[in-house]
Amino acid sequence: MDTFETKQKPVISRSAIILDWVEQIVYMVIGMALLFTFVCRIVTVSGTSMLPNYAHGDQLLVMCSPISPKQGDVVVLVDVLNEPIIKRVIATEYQTVSFDKDKREVFIDGQPIDENSFGVAEGITELPDTSLKLLEFPQTVPAGCVFVLGDNRPISEDSRYQAVGMVDQRRILGKAVFRLFPPESAGLIQ
């Protein structure tokens, strides 16, 4: 006579299931902490210096890996002013920056930049009339530095001012790559 053995499913205790879930959650939390510490950060725009492209309260995903900034990149700078600031790279090392007061334009190496490609109106850039100390122009960007401007040029405190000046690339937290909030504006940053 044949005997049949029935295999029973292993009984998994409720505590083992709970421990498995807790373990998975701990791994996810550690992974997210590492991701948002070393790879990317979420930064909230504070102020109006980047209007019309970025408004107060917009949330941006910033890649924290070392970058070689290029003209037009939107970057987050730390240890420049009292709080992190978001600005656009206008010139990189060894480029010469100057301003045409009559045309209200920025020139890089003697050529006007196409500010429309940054979503900024032409003819809005000038040296501010302020009591704060400004840099003298033309200026050549030193090695390892960038020249940055806010998109809302009339009110932006940026590389035109001595308080900011030419920004050491080591002060760049990262490059903004994605707008998370508000939802209707969410998407990749060009």
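Isoleucine 67 is in contact (heavy atoms within 4.5 Å) with Val75, Gln169, Ile172 and Lys175, leaving aside neighbours within four places in sequence. The residue is found in the loop between strand E2 (59-63) and strand E3 (74-77). Helices (H or I, at least four residues) and strands (E, at least two) are DSSP runs, numbered from the N terminus. Isoleucine 67 counts as partly exposed because its relative accessibility is 25%. Buried means under 20% relative accessible area, exposed over 50%, and partly exposed in between, with a 1.4 Å probe and protein chains only. From isoleucine 67 to glutamate 23 the separation is 44 residues in sequence and 35 Å in space, C-alpha to C-alpha.

This is a predicted model, in which local features need pLDDT of at least 70, side-chain atom pairs count only at pLDDT 80 or more, and totals for chains, interfaces and linings use all residues. Residues are numbered from 1 along each chain as its sequence is written, and side-chain values use heavy atoms, with hydrogens and water left out. The chain has a mean pLDDT (the predictor's confidence in each residue, from 0 to 100) of 87, and 95% of its residues reach 70 or more. Confidence is lowest in helix H1 (residues 14-39), at a mean of 86, and highest in E9, at 95.

**Cores**

The largest nonpolar core has 16 residues. Such a core is a set of buried Ala, Val, Leu, Ile, Met, Phe, Trp, Tyr and Cys residues joined through side-chain atoms within 4.5 Å. Ile90, Val97, Val106, Ile108, Val141 and Phe147 have the most contacts inside it. At least two residues each come from strand E4 (85-92), strand E5 (96-100), strand E6 (105-108) and strand E9 (145-149). E9 gives the most, with three residues. Isoleucine 108 touches Gln71, Ile90, Ala91, Gln95, Thr96, Val97 and Ile113, not counting residues up to four places away in sequence. A second, separate core of 13 residues includes Val45, Met50, Val62 and Ala176.

**Pockets**

A pocket is found on a 1 Å grid over the protein atoms alone: it is an open set of points where a 1.4 Å probe fits, with protein on both sides within 12 Å along at least five of seven lines, and lining residues have an atom within 4 Å of a point. Grid points are joined across faces, edges and corners, and a volume is the space filled by probe spheres set on the points.

| Pocket | Volume | Lining |
|---|---|---|
| Largest | About 250 Å³ | 16 residues |

Ser46, Glu83, Pro84, Ile85 and Ile86 lie nearest the centre of the largest pocket. Strand E1 (40-44) and E4 give two or more residues to its lining. E4 gives the most, with three. By class, this lining has eight nonpolar, five polar and three charged residues. Ala, Val, Leu, Ile, Met, Phe, Trp, Tyr, Cys and Pro count as nonpolar, Asp, Glu, Lys and Arg as charged, and the others, Gly among them, as polar.

**Two glutamates**

Glutamate 83 sits in the loop between E3 and E4. It is partly exposed, with a relative accessible area of 44%. Glutamate 83 touches Ser46 and Leu77, not counting residues up to four places away in sequence.

Glutamate 115 lies in the loop between strand E7 (111-112) and strand E8 (139-140). It counts as buried, at 1% relative accessibility.
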